[in-house]
Amino acid sequence: MNKKISIGIAIGLMALAAAATFIITYNYSMKVFNQTVKSVAEKEGLYTQLSELDKYIRDNYIGNIDDEILMDKLMEGYVNGLGDEYAAYLSAEEYAELSKLDEGVTEGLGFTWDKEASGYIHIISVQPGSSADDAGLEADDIITAVNNTDVIAYENGYDEASSLLNCAEGTKVKLHIKRKGEDGLTEFFSVDVVSRKSEIISVTGRLIDTVGYVRITAFNNKTPEQFGNTVNDLIGHGAEALIFDVRGNGGGTVESLQGVLDHILGTCDVVTAYYSDSEEVIVKTTEAEQIKMPMVVIVNGGTASSAELFAFALRDEAGAEIVGTNSYGKGVMQYTHQLSNGSAVRITVASLRTSGSGDYNGVGISPDYEVTLPAELDFTKLNEEEQLSQDTQLIKSVEVAQTLISK
């Protein structure tokens, strides 16, 4: 570490000399020169403090120092010190996983889980089209044994058993399942699930009378194609209005947002990014024609980032009505930069606006129809019949869409 710090100081001093030469040669102002000197001096001071701290700890600390962990924590601390609530330092493993999510693929058995009260593994959700889905697993199934060993019988119990579920592609895992049926009877069975790569299904849809209902859970690289296929299918089956549900959608990539909007909006500049020293249109739809039919967007406090821009864009460019509760209000953009060792840093680089949004960071999008859900209702766990009797936000959206159809 000391060697790296010494090199850093040397580079800093070389930069100072180069800056001085450049400034003098081209007659730059003394103000610019002083700012450069100050910046390099501050960096040299930072390196000196780190070197002093490192030497003291290595000379006196009685424990073992893992340099790899130390560097990760140092990088993490630097990013945390920015005061940017969306900034993060990602290890190489975390960055690789994030990249998969952005691509719209996942690797694994195809379900999420947590610890059940008695110590067994509770399946929270099953990814459609995954190996777990193919094996017939369902949300709220309980895994009692993994690879023929009872979960609680493992030396470290739940932690050890659940770690076997994070496995490489091609790994087969035998799961023993306990399921409570609708008749109240408990069923026990076992399945073999093979870890594999699966496409994340982020768009689903169905017809509600003559209204097409489209649920979008994320914006990743697979979303535009899924969205286009879903919307075209609904229109082909007689949809006269469209409802887009982006509740709980935390956003995703700008490229995905553009791909989605290209399916429904005509040619227009949609989203502008405002950097520290410039501005740029980053979402520009290119289709010659726009879908001309009534549209409604459902939002809530979990609607953020690209999902908010989606709602603003449809309100601005297609006259969509907004139903639900105020969205999150994340009107800034982050850029994730991969470092030489495979890790990455994510920082905020710009604020975002549509033609009609203004600066909505910390404000969100305000619905045209303020509708709350009944207390404790989880709309994501309702079946289609329950949605139309309990999901007050969807019920209102259908009402608004049907009213717009009749006009």
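This is a predicted model: local features need pLDDT of at least 70, side-chain atom pairs count only at pLDDT 80 or more; totals for chains, interfaces and linings use all residues.
Local features are given where pLDDT is at least 70, side-chain atom pairs count only at pLDDT 80 or more, and totals for chains, interfaces and linings use all residues. Residues are numbered from 1 along each chain as its sequence is written, and side-chain values use heavy atoms, with hydrogens and water left out.

An open sheet of 6 strands runs in the order β10-β11-β12-β15-β16-β19, with mixed pairing. Strands are DSSP E runs of at least two residues and helices are H or I runs of at least four, both numbered from the N terminus; two strands pair if DSSP finds at least two bridges between them. At the edges, β10 (203-208) and β19 (369-370) each pair on one side only. β10 is antiparallel to β11 (residues 211-216), over 6 bridges, and L207 has G212 in β11 as its bridge partner.

Helix α7 packs on this sheet, touching β10, β11 and β12 (241-245), and its direction makes about 10° with that of β10. Contact here means heavy atoms within 4.5 Å; angles run from 0 to 180 degrees between N-to-C directions, with axes fitted to C-alpha atoms, for helices over the stretch in contact. Helix α11 (residues 392-406) lies across β10, β11, β12, β15, β16 and β19, at about 165° to β15.

Q226 is found in α7 (residues 223-236). Q226 is buried, at 8% relative accessible area, where buried means under 20%, exposed over 50% and partly exposed in between (1.4 Å probe, protein chains only). Leaving aside neighbours within four places in sequence, Q226 is in contact with E199, I200, I201, S202 and V203. A polar atom of the Q226 side chain lies 3.3 Å from the backbone nitrogen of V203.

A nonpolar core is a set of buried Ala, Val, Leu, Ile, Met, Phe, Trp, Tyr and Cys residues joined through side-chain atoms within 4.5 Å. The largest has 41 residues, of which F227, F244, L261, I264, V297, F310 and L314 touch the most other members. Helix α9 (residues 306-318) gives the most to this core, with 7 residues. A second, separate core of 22 residues includes I121, A132, I142 and L175.

F244 and F310 are both buried. They form an edge-to-face aromatic pair, 5.6 Å centre to centre with 90° between the planes. Rings of Phe, Tyr and Trp (its six-membered ring) pair if their centres lie within 6.5 Å; planes under 30 degrees apart count as stacked, over 60 as edge-to-face and the rest as tilted. F219, F227, F244 and F310 form one aromatic cluster.

Definitions and conventions
A polar contact is a pair of N or O atoms within 3.5 Å; within protein, one must be able to donate a hydrogen and the other to accept it, and residues adjacent in sequence count only if both atoms are side-chain atoms.
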